[in-house]
Amino acid sequence: MRKALFIRLDRMGDLVLTLPCDQLIRDRYQVHWVTPNGLDFVVQSTAPTKDYTTMGHDFSWKQFFKFFNLVKNINPHVSISFHVPWWINFALFLARVPTRGGVLSQWHSYLFLNKGLRQKRSQCEHHEMEYNFLLVEHIMGLKRNTSQWEPLELKAPELDKNLQFDTQQKYFVVHPGMGGSALNWPTERYKELINQLSERATVVITGTKGDDNYLAPLKQSLKDNHKVVWLDKQLNGYQLLKLLSDAITVTAPSTGVLHLSASLGVPSLGIYSPIKVHQDKRWGPKGKKASSFSPQVNCPAHFECLKEACDKYPCMARLESEKLCNASFSFIPSPS
């Protein structure tokens with residue numbers, strides 16, 4: 001069987017929206033993935049499982065030769081660079097991979113790839129996952145077949161040690177933090193939602209160290225709510241998947257955690273900015289029980305918020321907590 005090398009080295013959410021596209025060629029190619037360091041738990045939890053190697057994004061000669069040797073050992077007939085730094089495409093060129101495909105955007109893609117595709121993703125004509133499927137179809141010479149475009153499926157792992165939390169009880173998960181690439185919901189709205197949800201079940205808050213600027217004011221304002229459990233900075237990736245998999249719902253802004261929960265088949269409620277490049281049309285969660293919420297405004301911005309120059313600013317506060325609260329309550333199991 002021929003071999004293919006698929007490479008994506010950026011954020012977790014982007015990876016989740018890229019991993020399913022190998023299903024288009026799985027019957028004809030043995031696909032090996034190159035994914036970012038630290039995201040093993042995502043790739044190892046896919047169904048079906050995938051062959052993969054992790055790699056850092058930043059250049060070093062050690063990293064370069066690690067990748068170059070990997071390419072030579074695999075000897076792929078085709079490679080697809082979904083999102084990579086320059087040295088990845090250079091190594092593919094030096095290794096003489098016969099078909100080197102990818103998105104034509106940065107200088108190195110024009111110089112080192114021989115079958116690229118100009119997609120202009122910032123125009124937001126498709127969802128990120130759909131862009132990835134279209135790229136594979138173009139590189140592999142396939143006819144467009146959207147019936148094969150199924151989102152990623154993840155399975156929660158069995159843990160050797162139990163979480164410091166009883167996942168047998170009913171609980172909601174709220175993940176207020178994000179990387180800052182899009183507008184987030186105001187702290188006051190998260191506070192309202194968490195208080196409302198806590199009237200019906202425990203609310204678990206997750207987050208990383210990088211989310212402290214979002215979590216600190218919430219911790220202060222919710223310190224007297226004993227139905228709120230704080231598990232921020234306490235979970236590894238596998239524990240996070242397990243926690244998400246047993247939740248009633250997961251609520252989060254445009255971030256990787258939302259894409260994980262959607263891929264687990266958990267009711268996932270995404271909070272999205274109305275700015276064109278931030279919208280759920282481009283970045284929304286993909287899953288059978290996933291949905292998105294945005295303030296109902298006609299946003300004039302394409303890339304960045306216009307702030308005081310826009311008569312709708314600040315618009316994110318216009319998305320009321322009751323909408324997400326009611327959506328979450330609709331998933332509470334009925335008493336047997």
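Predicted model: local features only at pLDDT ≥ 70, side-chain atom pairs only at ≥ 80, totals over all residues.
I take buried to mean under 20% relative accessible area, exposed over 50%, and partly exposed in between, with a 1.4 Å probe and protein chains only. Residues are numbered from 1 along each chain as its sequence is written, and side-chain values use heavy atoms, without hydrogens and water.

**Entry 1: Leu104**

I looked up Leu104 and placed it in the loop between strand S5 (99-103) and helix H5 (107-112); helices (H or I, at least four residues) and strands (E, at least two) are DSSP runs numbered from the N terminus. Leu104 counts as buried because its relative accessibility is 17%. Leaving out residues up to four places away in sequence, I noted that Leu104 touches Ser109, Tyr110, Gly116, Leu117 and Arg118, contact being heavy atoms within 4.5 Å.

**Entry 2: H3 and H4**

I then read the packing of H3 (residues 61-74) on H4 (residues 86-94): the angle is about 40 degrees and the axes are 9 Å apart. Axes are lines fitted to C-alpha atoms, for helices over the stretch in contact, and angles run from 0 to 180 degrees between N-to-C directions. H3 is therefore oblique to H4; under 35 degrees counts as roughly parallel, over 145 as roughly antiparallel, 65 to 115 as roughly perpendicular and the rest as oblique. Among the residues in contact are Phe64 and Phe67 of H3 and Trp87 and Ile88 of H4.
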